[in-house]
Amino acid sequence: MPYRRKTYKGLPISGGIILGNVRIILPGSVRVAEVPIPVSRISHEITALDKAIAETIVELRKLSDSAGKRIGGPVSKVFDAQLMIAGDYEFLGKVKEQIKKRRRNAGFVYNLMVQDTIKPLSKSNDPYIRQMSQDVTAVSEQVLSHLAGYGQKSTVRFQANTILVGKSFTPGEVLDYRNRKAIGFLVGEGGRSSHMALIARSLMVPVAVVEKCWHLLSDNDRIILDGTSGLVIVNPTESEWDEYQKKKKRQGPATITRIKKLPAIPPKTLDGIEVQIAANLELPGPVDEILTERKFPVGLYRTEFLYLESDSFPGEEEQFEFYSKIAATYSNSVVTLRTFDLGSDKIKADGLIPHEDNPALGWRGIRVMLDMSDIFKCQIRAIMRASVKGKFRIMLPMISDVTEFDRARKLIAQVAFDLRRSGIDFDKNIPVGIMIEVPSAALTADQFAKKVDFMSIGTNDLTQYTMSADRNNARVSGLYNSYHPSVLHLIKLTLDAGRKYNKPVSICGEIAGDLMAVPLFIGMGVSQLSMNPARIFDVCRLVSKIDSKMVQLLVGSIMSSPTTASVTKKLESYRNALENKNS
Ligand code: PEP
Ligand code: MG
């Protein structure tokens, strides 16, 4: 009987297309039996627990070192949290007391007490508390498998080119399974800023989240997983398999090799117009080397990941070091550093930010930083000090009102004044710009264009706010579409305002790497398209097939379209015509 074809629209976590066979790795693969023990065995159990803890710590240290080497600085901090959990001697002391009191085996008592700790954490609305519970689970599974004499959970066997499916994977597992040639992950829970997501993106391993996926699939199911859109096709047809093989070849994990092959950068349209293509980055990673070698600028550096990786806001010196390294790595090109874009959806439960019912509409982005100006000024100071080592632009997120820009600018001026007074050198002409990701900002782009040095359109948020459709909610994903004419009108308004006041305008949301939309944006006169590095190769190639005058005609036709569907149809037929012409 043929296997049943099914599709799921999941949450995209880490971009790229993969095709492979499923291997399900369920949580709790380590079983812990309850074994009564005589008094004479208590010391043996306690020694075994100490040994398992010591082995776990050694493994975590190794993982931290390996992550540090393969990916770089802050990512390896993911393991610091787990190291702290593993070495929590107060907790271990209590476990040992209970082993003595209950006269039960170490694994049973340890697991019981871990479960008691995790239960309230895992139900929290706060993603950071949930992340903590995942870290505790990860550590405890490692300890338990040592106690049981299995070694790491990584003893699980699977063939190369397997897509691993499970409830969630720890950062250590992602690193380990990736080393053992797993090509990607489908998980049941986790968000874009979870530790797993962070590691996966740094390693460029595709990941998507589909609720309860481990119930929906079976071992050896053939699946296609598109980590960029979140689409999962289970038991696809042969023609889908071929189609995605081709797509993968074009997009694939070979980002670095493909970027190497590109001719001159920046690419030029058929009629010789240069289009600047830039990268969106979150943390240092393997792609840095080729990006800098080919002189790609960084159009969006999401610096909040530096905070998300620490236990608190990183201090000035730590940030200075981080930005100095970026400046040194990208000494050939301009790096746009976005200041911390935090809100109660991303921030940790450190008591700093209260729970909000509606975080997307709440205290986030520049709003937080203007209210916590010490933290904002500390970041600006670190960026400015490092600015002499490279070429930076400062970008402010989630600006919805001109006065917010004025206030931020004033704080930046204060930092500059202090640095001058202290005789510390910095780039006096560092451009300061804003993200346009709220409709109010796009509608008043003219006012902003008079004041700012540049603008960058964040279509991920602009789409969610324009369409009133949460970008992470699969139920409204039909509405969440950047092709909607309202979103395109706001993009055009912003680009027109930039042209009027001679200010560069980039697009740095996901749509910047969308091959159907790129011709439209070139027609609208965009200055820079900044995207996930995995999209760079295809977009550069496409640019060289476009005639900039022809795409201006496309703009008129698209802007008179009433619906997402009609825009899609027109963009699709333009794309097909372009491909046919060039084939
Ligand atoms: C955006 O909103 O389009 C954007 C680039 O920022 P982020 O995805 O980090 O919110
Ligand atoms: Mg945004």
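The buried residues of helix H15 are Ile375, Phe376, Gln379, Ile380, Ala382, Ile383, Met384, Arg385 and Ala386, where buried means under 20% relative accessible area, exposed over 50% and partly exposed in between, with a 1.4 Å probe and protein chains only. Helices (H or I, at least four residues) and strands (E, at least two) are DSSP runs, numbered from the N terminus. This is a predicted model, in which local features need pLDDT of at least 70 and side-chain atom pairs count only at pLDDT 80 or more, while totals for chains, interfaces and linings use all residues. Residues are numbered from 1 along each chain as its sequence is written, and side-chain values use heavy atoms, with hydrogens and water left out.

Helix H15 spans residues 373-386, which is 14 residues. From its first C-alpha to its last, H15 reaches 20 Å, close to the 20 Å expected at 1.5 Å a residue; the expected span is 1.5 Å times one less than the number of residues. The buried residues of H15 pack against helices H13 (316-329), H14 (366-371) and H16 (402-421), and against strands E11 (334-338) and E12 (391-396).

Within H15 lies Ile383, which counts as buried at 0% relative accessibility. Not counting residues up to four places away in sequence, Ile383 touches Tyr323, Leu337, Phe392, Ile394 and Ile430, a contact being heavy atoms within 4.5 Å.

Arg180 is placed in the loop between helix H6 (171-179) and strand E5 (184-187). With 27% relative accessibility, Arg180 counts as partly exposed.

Two residue pairs are set out below by their separation.

| Pair | Separation in sequence | C-alpha to C-alpha distance |
|---|---|---|
| Ile383 and Val335 | 48 residues | 11 Å |
| Arg180 and Arg157 | 23 residues | 9.4 Å |

The protein chain as a whole has 24 helices and 16 strands. Its radius of gyration is 25 Å, close to the 25 Å that the globule rule gives for 583 residues, so the chain is as compact as a globular protein of that length. That radius is taken over C-alpha atoms, and the rule is 2.2 Å times the number of residues to the power 0.38. Along the principal axes, the C-alpha atoms fill a box of roughly 85 × 75 × 45 Å.

Buried residues make up 55% of the 583 residues in the chain. Of the contacts with a separation of 6 or more, 70% are between residues 24 or more positions apart.

Definitions and conventions:
Chains are lettered from A and ligands numbered from 1 in the order in which they are written.
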